[in-house]
Amino acid sequence: MDVQVWTYILVGVTFTLYIGIAIWSRAGSTSEFYIAEGAVNPLTNGMATAADWMSAASFLSMAGLISFMGYDGTVYLMGWTGGYVLLALLLAPYLRKFGKFTVPDFIGDRYYSNTARTVAVICALIVSFTYVAGQMRGVGLVFSKFLEVDIFWGVIIGMAIVFFYAVLGGMKGITYTQVAQYCVLIFAFMVPAFFISMQLTGSPIPQIGFGSTVTDGSGMYLLDKLDQLHTELGFAEYTSGTKSMQDVFFITVALMVGTAGLPHVIVRFFTVPKVKDARISVGYALIFIAILYTTAPAIAVFARTNLIETVSEQPYEEMPPWFSTWEETALLNWVDKNEDGIINYAPGAAIVGAPDIIRDGLDIRRGSNNQVMISNEVTANQNELYVDRDIMVLANPEIAGLPAWVAALVAAGGLAAALSTAAGLLLVISTSVSHDLIKKQFNKDISDKAELRYARIAAAVAVVVAGYFGINPPGFVAQVVAIAFGLAAASFFPAIILGIFYKKMNKQGALAGMIAGLIFTLAYIIYFKIAFPELNIPENWWFGISPEGIGTFGMLINLVVALSVRSFYPDPPEDVQEMVEGIRYPR
Amino acid sequence: MTQEKDLKGYWKKNLQYLSILLSIWFTVSYGFGILLAPWLNNFKMGGFKLGFWFAQQGSIYVFVVLIFIYVYLMNRLDKKFGVNEEDA
């Protein structure tokens, strides 16, 4: 059976499973819809959190990114795991004790202010929408690459599935589908990794394999070999990287703190019964996440080595079949600059922009070596190879010559990762609207049933909006991840931490801090990423900090402003101080 | 001891645990993984340069261990100060 048939089977089976779970776990009350009645087992919640957290980007793109960044990929590996330590030690237990439904709930109650609640709702909505658009796009991409379905229909199918279980089941439905999705995605990620580790190093465990010697009989360590290949081709050593130390530091902080401040992650810890469960649940979540995050750098090394060894300085005519398959999808291309028929791989971009394939009618135009011809302008450097980052995970099974069902598994895993994250985000959006806006601001006497109906309508509208952005992505979609993390780091995290650990923090301080952090971070990112992308080079950055890392600076500004403004205004009311006292003790 | 004093002691101990655990968290990730990584790369563990290993593997393992140590310490502390939820 070929990959496409396998993909139809695996995607069909997993989707049926998700729908079955959704029907079984329909939500009947707002408490079920928002937090699954706070009755989720901590282990189950840990697994659901892991699926919630690991998005299409973690599954499809991260290993590929790392494989091109080498040591610099550390920012994602540490940045997207280290935040869970902060979550376990500084946030989850206290917010669980607080025992409401949402993050804006906490901000609003703790700072006795509807303005603060509104600022929090706006942040939650911006963060979640930027994030969810990327997920729907991921769903569309997987469909179009593996099933040759148009991206439009891919997104529509994805929307229909998410709509079904998020709108019907709310948090309860999402939690149990996420457990299933975690199992699918981790299996799909690990199987190719085991095989390739075995092939390259003789060790089935990738985490050990990439620190072992290669099986070609040279007795060389894999990483030493890769460093050597890099140096020969003129790249920086794989294990050293090229980013400045302060930039790596700042990006890592921003991603860690941002992770701990993301509303769709925090809200998962409202679903367990006890404070004790919230603590251990973060631990379980991180174990489940770490399985993928410690495997990804190994896959990165395997894929990088395989790629260089297969293509570099080799004649185009001797390329394996996958090369032309991926050329036709415009994710891979070779421009024969010196017309020697050999693929020269070197640092720098080979062409300007992404490949734009030239077609004569429906046929792809071929060059003298039968390579796919593109209309892009070529650059002046030696590099002749264009490689899209996503190919490293998508094509990995083919490059390593694994059976067809493994490639199909990767497709099902990518869909599971995208759908689980999208559902978690849609829930935050719908809760923000029905609970934080409608119930808390406009109509306090609304019945539980009516609120639930609004929650469902909001979820439905959000699915449609997310789908729209998935089909027509704004040009800056790839850039907005920086915005989501930067905003979470600069707004939520400091406000929540101060709210728990500093009893005397008043609403004026917290509000001023959140707004200052928010405006500064947004302005910096928009300036460099959207308004003047041509100026986005290290020489222009403040203190050498890239837009990805600026959330760290925004967080510091938030803290300084909050603490200084606080001293000019009275302490918070007695009952608020008592509430803060109360959330510090499990009983 | 009054209830009030008990709770103060609990919170103080909690903050103490937090500062110790977060110092380890910082040292391993930002210290070994970033600031000291170039120097640690002079040493090797199997095929891994040590700084690189801490950055892409070791720090993540340490994160997991830190959370479970925290869970253990806090469960013990909850019992000791009588604020654990089972007795509620």
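These are my notebook entries on a few spots in a predicted model.

**Ground rules.** I number residues from 1 along each chain as its sequence is written, with chains lettered from A and ligands numbered from 1 in the order in which they are written. Since the model is predicted, local features need pLDDT of at least 70 and side-chain atom pairs count only at pLDDT 80 or more, while totals for chains, interfaces and linings use all residues.

**Entry: A:L185.** I looked up where A:L185 sits, and the place is helix α8 of chain A, residues 151-201. Helices here are DSSP runs of H or I, at least four residues, and strands are runs of E, at least two, numbered from the N terminus. Is A:L185 buried or exposed? I noted it as buried, because 29 other C-beta atoms lie within 10 Å. The cut-offs are 20 or more other C-beta atoms within 10 Å for buried, 12 or fewer for exposed, and in between for partly exposed, with C-beta atoms placed from the backbone. Leaving aside neighbours within four places in sequence, A:L185 is in contact with residues including A:A51, A:F59 and A:G413. Contact means that the two C-beta atoms, placed from the backbone, lie within 7 Å. I also checked A:T201, 16 residues away along the chain: its C-alpha atom is 24 Å from that of A:L185.

**Entry: A:G38.** This one is in the loop between α2 (30-35) and α3 (42-53) of chain A. I put A:G38 down as partly exposed because it has 18 C-beta neighbours inside 10 Å. A:G38 and A:F269 are 231 residues apart along the chain, yet their C-alpha atoms are separated by 8.8 Å. Beyond four places in sequence, A:G38 is in contact with A:F270, A:T271, A:V272 and A:P273.

**Entry: where A meets B.** I found 40 residues of chain A in contact with 37 residues of chain B. On the chain A side, α5 (74-98), α10 (222-233), α11 (245-261) and α13 (275-311) each give two or more residues. Which element gives the most? It's α13(A), with 12 residues.

**Entry: chain B.** Chain B has three helices and two strands, and along the sequence I read α-α-β-β-α. The C-alpha trace spans about 55 × 20 × 15 Å along its principal axes. Of the 88 residues of chain B, 40% count as buried. Among contacts in chain B with a separation of 6 or more, 47% come from residues 24 or more positions apart.
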